[in-house]
Amino acid sequence: MATVLSRALKLPGKKSPDLGEYDPLTQADSDESEDDLVLNIQKNGGVKNGKSPPEEVQDPDSDVEVGMTKQRTSESAPEGYPAEAAGSLEQKAAPSLMPYLRTAVFLLTVVISMILVLVCAFLIPCPPRDLHNTWNRNLGQGTGGVLSPLELCDVNSDGLPDILIVFTALMNASVMGVSRPSVTVVALSGMNGSTLWSIQLPEETRSVQCKGLSLGTPAEPTCLVTGTSKFLSLLSASTGKTIWTLNSIHLSDGILAAPAATLPDVDGDGVRDIVVLALKETQPDVFFVLVSGKTGTALGGPVKYNINGEGKVIGPQVHVTSRGAIYILFGFGNVQAVALRDIFTQARNRDSFPAMLQQEEPEWEKRRSVNLSELIDIYSGGVEFLQMMKTPDTNCSNLLITSKEGLILLQGQDLEPRWTLEMQNISSQPVPGYFSADQTLDFMLQAQTGDGNKKVVVIDGKSGIPVWNQELPWQKQQLDALSVMTLDKKSVFLFWADEAQPVLQSLQPGPRSERPGLHHLYLLHPVFPTVLLDLTNATDKVIASAIGINDLQKDAFHITVTTTSTSEKQPGFLSVSKLGLKWAMMTQGRMVWLKDSTTPKISRGEVRRFLARLKFVDFPHKL
């Protein structure tokens, strides 16, 4: 208790840490205030007769007692007590508003964030998901099958490629019971097979091209339609409406010999342009016509050349060398080239040309001096197909030429052969894909055998040596194989064949009935070269097929066109069907063990686990 009194009374001459150093000059002035402070403490019950109340006994050194003493002192401070000290004590004792303010700001931020999330969830639509793993669409009666290869392009901007198909439909005429043929282009939704738009064309078509076009209005997706006679038109891919049509007067007495090819912008209007190859109806001559991609008007007159060769029409295809020189490749059973600069100069009848056409390729120009003409001989001898193969790490393409005797790969820079493969009766265009592990494009092709079957072969793209082959039954029309790339830069190959003889093992338990005469869609993955995966089958005649990529879900789907007709002239019902690859592999795929397999058989579970991890992406190297 003596300690408490000494702290409260602050006796003269005693040093206190609360009040600072002892000052004898101010001590006399503070005696009176200290006496008053002692009296106030005694009044409030702090000390009574020198003793504390029994119920309030505290530790002599307790800080709580000191704090209570200081609070009571501030409440009853006399007039002589310093006002600043009393005010500071009141500020320390008063509760602060900052914690409440911080809590309010935090809660307000949370509420605003929740409101923004809800608004975005309702106003911003989610991308549509492809929930239709399979669908089938009947297009009605048609004659002649499909008139041009299927074209897959996203025309309704839903993120999924749609299907454009051209066929000759039988339309009801005014006379009852009489039908007339009508060439029809139909755009089907890749999501569910519904009709997006449909138009009629004045003549049969050679091609419908939608991918990679920058024609007409740059912001609008377009499709270029090339007819079999004089029809060349640019359509809106979204609606099917005509943007422009080439006036047939520019073709004079000629007809279109092949699908049109797109060029760089040669007229300086900011839109890519077009070149078409036409064939004289009465004379054995060909001529080129340059067409504006923006307006559809001819850029000058026709440029004529004499035909040198016989056979299948090749090209026109645009080839750009590493130096930037632009050549047009074409031919009839052979491959020839002409500089775009020469075509432009003769079409516009002037010697000046754009800067992009001033480049020359010395290795190509050397071949021009052989025949002393504007045409450059590339290859001759029964050419069936010409493909531009993009080479990695360069801006130049190699030339893959398929002839009746085999394959040859020419270097695009100097036209020297990299490798040659001898093979007879090649019946389909080689399909590029990654089969080997050297990151070089390989090729799958199909060839007819003497007993009516077909041989499916995979060619190594670096050496030209076959690395996989299998003979399968197939009596029907030949269809090109297809390939789709996976995320790990491998490719799966798909092709049609009849019922294979080896034993089938389903990825799903339970029996699966088999009927003779079925056409099967097989899948080959380079990781399992001894196994084919039977995805689906069809009883009708398969006349066309294509592959589409769903970038959002990293999935792929297969489009098949079948007909019930037994001949090209007999009308039949056309049907278009879609099959999701992942869904087919996991739910109805069957393993087909090849006869010549010497490696240990792989379990069904191992194959299933591997296929479940596959992710498909778009092919980066376009032909």
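Colleague: What makes Phe106 count as exposed?

Modeller: In this model, which is a predicted one, Phe106 has a relative accessibility of 55%; the term exposed is kept for values over 50%, so Phe106 counts as exposed.

Colleague: Where in the secondary structure is Phe106 found, and which residues make the nonpolar surface patch?

Modeller: Phe106 is found in helix H5, which covers residues 98-123, and the patch of about 410 Å² is made by Phe106 together with Leu107, Val110 and Met114.

Colleague: Why is the disulfide of Cys210 and Cys223 called right-handed?

Modeller: The torsion about the S-S bond is about 110°, and therefore the disulfide of Cys210 and Cys223 is described as right-handed.

Colleague: Which parts of the chain does the pair link?

Modeller: Cys210 sits in the loop between strand S6 (205-209) and strand S7 (222-227), whereas Cys223 belongs to strand S7 itself, and the two cysteines are 13 residues apart.

Colleague: What makes Cys210 and Cys223 count as buried?

Modeller: The term buried requires a relative accessible area under 20%; Cys210 has 7% and Cys223 has 1%, so both names fall under that term.

Colleague: How do you know that Cys153 is in no disulfide?

Modeller: The nearest cysteine sulfur to that of Cys153 belongs to Cys210 and is 4.7 Å away, while a disulfide needs sulfur atoms within 2.5 Å, so Cys153 is left out.

Colleague: Why are Cys153 and Cys396 called buried?

Modeller: Cys153 has a relative accessibility of 12% and Cys396 one of 8%; because the cut-off for buried is under 20%, Cys153 counts as buried, and so does Cys396.

Colleague: How many residues does the protein have, what share of them is buried, and how many helices and strands are there?

Modeller: The protein has 623 residues, of which buried ones make up 45%, and its secondary structure comes to nine helices and 36 strands. The protein exposes about 31,800 Å², with carbon and sulfur atoms supplying 54% of that area.

Notes. Residues numbered from 1 in each chain as written. Predicted model: local features only at pLDDT ≥ 70, side-chain atom pairs only at ≥ 80, totals over all residues. Heavy atoms only, no water. Helix = DSSP H or I, 4+ residues; strand = E, 2+ residues; numbered from the N terminus. Buried < 20%, exposed > 50% of the residue type's maximum accessible area, 1.4 Å probe, protein only. Areas by Shrake-Rupley, 256 points an atom, 1.4 Å probe, with all protein chains shown as cover. Patch = residues over 30% accessible without salt bridge, like charges linked within 9 Å, V, L, I, M, F, W, Y side chains within 5 Å. Salt bridge = Lys/Arg side-chain N within 4 Å of Asp/Glu carboxyl O.
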